[in-house]
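Hello! Here is the structure I promised to pass on to you. Have a look at it first, and then read my notes below.

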Amino acid sequence: MGLLLYFIGSLAGVALMIGLNVALFGRKRARLASQAEAEAMLAAEVPGFRAGRFALAADGGGALMENAGDATLYLIAPVGQKFVSRKLDRAALKTISRTSGGLTLQLADFTFPQLTLKLDAAQSGDWEQRLDKMLR
Amino acid sequence: MHLPNPVELATPFFVLFVVIEMLYARFALRGEYEARDTAASLFMGFGSTIIGALFGFVFVAFAAWIWPYRFFDLGWSLPVFVVCFVLDDLSYYWWHRASHRIRWLWADHVQHHSSRYFNLSTALRQPWTGTFTFGLLFKAPLFLLGFPLPMIVFVHGINLVYQYWIHTEAIGTMPRWFEAVMNTPSHHRVHHATNARYLDSNYAGVFIVWDKMFGSFVAEDANEPLRYSIVKNLATFNPLKVALHEWIGMVTDLSKSRSLKEIAGYVFGPPGWSPDGSRDTSDSIKARWRAFRSAQTARTPSPAE
């Protein structure tokens, strides 16, 4: 009985804390504003990172960026109010496809949801080609 | 002897201090909260409590099995309690250090580190799979020395309650004498940070002196902003995925293993180990960072130039 009460009390506490969190901080989603923002993020994460080619989704919902130092490619995606980056290589990238909405990437990482980057046709084509070459 | 459960007694205060810290973070702009991250942490904590209640018997069974082999009968007295507390913290240090260096243990402990935030709700993001890692073997010396089971459980509960308050950005640093001996928010921020210079440091539970003794201490540098979480940040707030992601990664790697050496490396090697060294471990990240820093320093002209 004591343990049951403890669990019920804990659940009530959980509900209170989540509710207060939403009330105080809202439910914003991160949006990438510029190349500089993406570059700063990768420079902090990857020692010696130098920005190369770059494509930013029109709605700020992600970006692709090259490290000019070693030609590696990175994906930056918003997750909640922060961004997550992934180095794109043959092991990491599962599929890539171009649609009218942009470029859709599916990673091998099961925690990473499928992401569609809203890029214009020229950018989509260019990056699809580069990523496709990497997959082959 | 019947002793209370310190964690159960402290739970209402855990909730109260999260509320206070949220208000402080919102209005004093010191600290961050995100609802989905908080929810993930709290459900991890809640799930961990349920799993603890279901599988607590494993710890008791282990204690009952090892108890007849003890060297001493230390009995119940205040000095024995104090020594038990200190030695339990030492065993925590080594368990914690192993949990960052051995993938088998990391697959469990990573769950606690997976939040991008460092606040009091992060303290409650507790793993679900600890029972199955046999990390309790690190407690064996305490039983063999003859500390009674209820005493070990009690002092470990106090240890965990102590570690709650150090998960915060709301406190800068404590007085110097306190920072020198005790684990503090400043030391523990370093432990949760993924900046290359901070990886694999400050494993202490209560006494930071263990890190200083065993060479794993790194002080917080106020000039370098901290980035929290894990080297490969998770892109999910789903508690089940948080709890299982590294285990699933390990099973996937094992399914591709071609030798016993590879199997051993994937299970008992450091997190990120791979046969061809193509993945990042904390050691390789630190080495790259040091090389980059050295190159930068070499390139920077001295004032005389």
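A word on charges before we start: Lys and Arg count as positive and Asp and Glu as negative, while His and the chain ends are not counted. The place of a charge is taken as NZ of Lys, CZ of Arg, CG of Asp or CD of Glu. By that count, chain B carries 26 positive and 23 negative side chains, with the centres of the two sets 5 Å apart.

Please keep in mind that this is a predicted model, in which local features need pLDDT of at least 70. Residues are numbered from 1 along each chain, and chains are lettered from A in the order in which they are written.

Chain B has 13 helices and zero strands; both are DSSP runs, with at least four residues (H or I) for a helix and at least two (E) for a strand. Its C-alpha trace spans about 70 × 55 × 40 Å along the principal axes. Of the 305 residues in chain B, 49% are buried, meaning under 20% relative accessible area with a 1.4 Å probe, protein chains only.

Now for chain A. Helix H1 (residues 2-25) has 24 residues and should span 34 Å at 1.5 Å a residue, which agrees with the 34 Å between its end C-alpha atoms. (The expected span is 1.5 Å times one less than the number of residues.) Buried residues in H1(A) include A:Tyr6, A:Phe7 and A:Met17. The buried residues of this helix pack against helix H1 (6-28) and helix H2 (35-66) of chain B, where contact means heavy atoms within 4.5 Å. Just after H1(A), A:Gly26 has a positive phi of about 70 degrees.

Enjoy exploring!

Definitions and conventions
Predicted model: local features only at pLDDT ≥ 70, side-chain atom pairs only at ≥ 80, totals over all residues. Heavy atoms only, no water. Buried < 20%, exposed > 50% of the residue type's maximum accessible area, 1.4 Å probe, protein only.
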